[in-house]
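Please load the model in your viewer and keep the selection panel at hand. The tour below moves from one selection to the next and says what is to be found at each stop.

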Amino acid sequence: MTKKESNNGKQIRWGKPKFTKIYKKNIFPKYDKYYSHGMIHINNVINNMMELADYYKLDKNMAYVIAIYHDIGLNVNRENHEYESGKILSNDKELKKYFNDEEIQIMKEAVEDHRGSKKERPRNFYGECVSDSDGDFDIYLLAKRQISTSLKNYPDIHGFDGHFKICYDYICRRINNNGVFNLWTNYPFFIQRREKFQKEYLNLEYTKSIYKKEWDRISKDGTMEKIMNYYEDY
Ligand SMILES: [Fe+2]
Ligand SMILES: [Fe+2]
């Protein structure tokens, strides 16, 4: 557990209900209209960030805030959502009660640099951590997120096979072209998880069976309908 003294003298401690409660109330509902970037994704990023914060002895409050704000700008501008997220974070009056200007600047830069497809190294270590935490080295999670994105981007494709091909080819291109999914930190557990994920993913039949299960589930329980007509992210 970390304890920190903020610029206005208020003490906050990671995991203290008051602190997390504020953000659960103010920030989490903003992800309600997102599916692939919804709370399943945000919770995954929170867990990853907490793991890294623990391992690298980072400020857990800052790591938490970065995780929950990193995709918040999606409803402003999808293409540049990382900069919109950074703006929202740095203009948030509530955060200023707990963090000083330097901390806000570090968190803003981290959020701005979170995209995994970015080639330049993030400007600070928190940015490296959130970029690494943003990846889904989990086929089940990836199936969920990729199918919904494909449904939104390619509404004219009908049926599982067409969508699966787009999803699978995209990930295989990323695995094969660069050799590996990039990781900025050298956290051993993420490296292990990436190796396992890449190896399993290239097993076409195995991956296809997971995607098919997810496809069948969302077709039956009304989620597919909601992805097309309710959720706003891609
Ligand atoms: Fe993002
Ligand atoms: Fe994200």
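This is a predicted model: local features need pLDDT of at least 70, side-chain atom pairs count only at pLDDT 80 or more; totals for chains, interfaces and linings use all residues.

Residues are numbered from 1 along each chain as its sequence is written, and chains are lettered from A and ligands numbered from 1 in the order in which they are written.

**Stop 1: the two domains**

Begin by colouring residues 3-133 as domain 1 and residues 139-229 as domain 2, the bounds being those of an automatic or database domain assignment. The centres of the two domains, taken over C-alpha atoms, are separated by 25 Å. Their contact takes 14 residues from domain 1 and 12 residues from domain 2, where two residues are in contact if their C-beta atoms, placed from the backbone, lie within 7 Å. On the side of domain 1 that touches domain 2, α2 (39-55) and α7 (125-133) each supply at least two residues, and α2 gives the most, with five residues. Helices here are DSSP runs of H or I with at least four residues, numbered from the N terminus. Sorted by class, that side of domain 1 has six nonpolar, five polar and three charged residues; Ala, Val, Leu, Ile, Met, Phe, Trp, Tyr, Cys and Pro count as nonpolar, Asp, Glu, Lys and Arg as charged, and the others, Gly among them, as polar.

**Stop 2: α2 against α3**

The axes of α2 and α3 are 9 Å apart and pack at an angle of about 155 degrees, axes being lines fitted to C-alpha atoms over the stretch in contact, with angles running from 0 to 180 degrees between N-to-C directions. That angle makes α2 roughly antiparallel to α3, since angles over 145 degrees count as roughly antiparallel, those under 35 as roughly parallel, those from 65 to 115 as roughly perpendicular and the rest as oblique. The crossing of α2 past α3 is right-handed, a term used if the near helix is turned clockwise from the far one by less than a right angle, with anticlockwise giving left-handed. To display the contact, show Ile42, Val45, Ile46, Met49, Met50, Leu52 and Ala53 of α2 with Lys60, Ala63, Tyr64, Ile66, Ala67 and Ile68 of α3; by class these are 12 nonpolar, no polar and one charged.

Among the buried residues of α3 are Asn61, Met62 and Tyr69.

In the loop between α2 and α3, select Lys57, whose phi is near 55 degrees, a positive value in a residue other than glycine. Lys57 counts as exposed, with 8 C-beta neighbours inside 10 Å.

**Stop 3: α7 and its cover**

Next select α7, in which eight of the nine residues are buried, so that this helix is largely enclosed by the rest of the structure. The buried residues include Tyr126, Glu128, Cys129 and Asp132, and what covers the buried residues of α7 includes α2, α3, α6 (101-112) and α10 (188-201).

**Stop 4: α8 against α11**

Moving on, show helix α8 (residues 139-153) and helix α11 (residues 204-220), which pack at an angle of about 55 degrees with their axes 9 Å apart. The two helices are therefore oblique to each other, and α8 passes α11 in a right-handed crossing. Ile139, Tyr140, Ala143, Lys144 and Ile147 of α8 make the contact with Thr207, Ile210, Tyr211, Glu214 and Trp215 of α11, a group of seven nonpolar, one polar and two charged residues.

**Stop 5: single residues**

Finish with Ile227 in helix α12 (residues 223-229), which counts as partly exposed with 19 C-beta neighbours inside 10 Å. Its C-alpha lies 8.8 Å from that of Tyr34, although Ile227 and Tyr34 are 193 residues apart in sequence. Leaving aside neighbours within four places in sequence, Ile227 is in contact with Tyr35, Ser148, Leu151 and Lys152.

Key:
A residue is buried if 20 or more other C-beta atoms lie within 10 Å of its own, exposed if 12 or fewer, and partly exposed in between; C-beta atoms are placed from the backbone.
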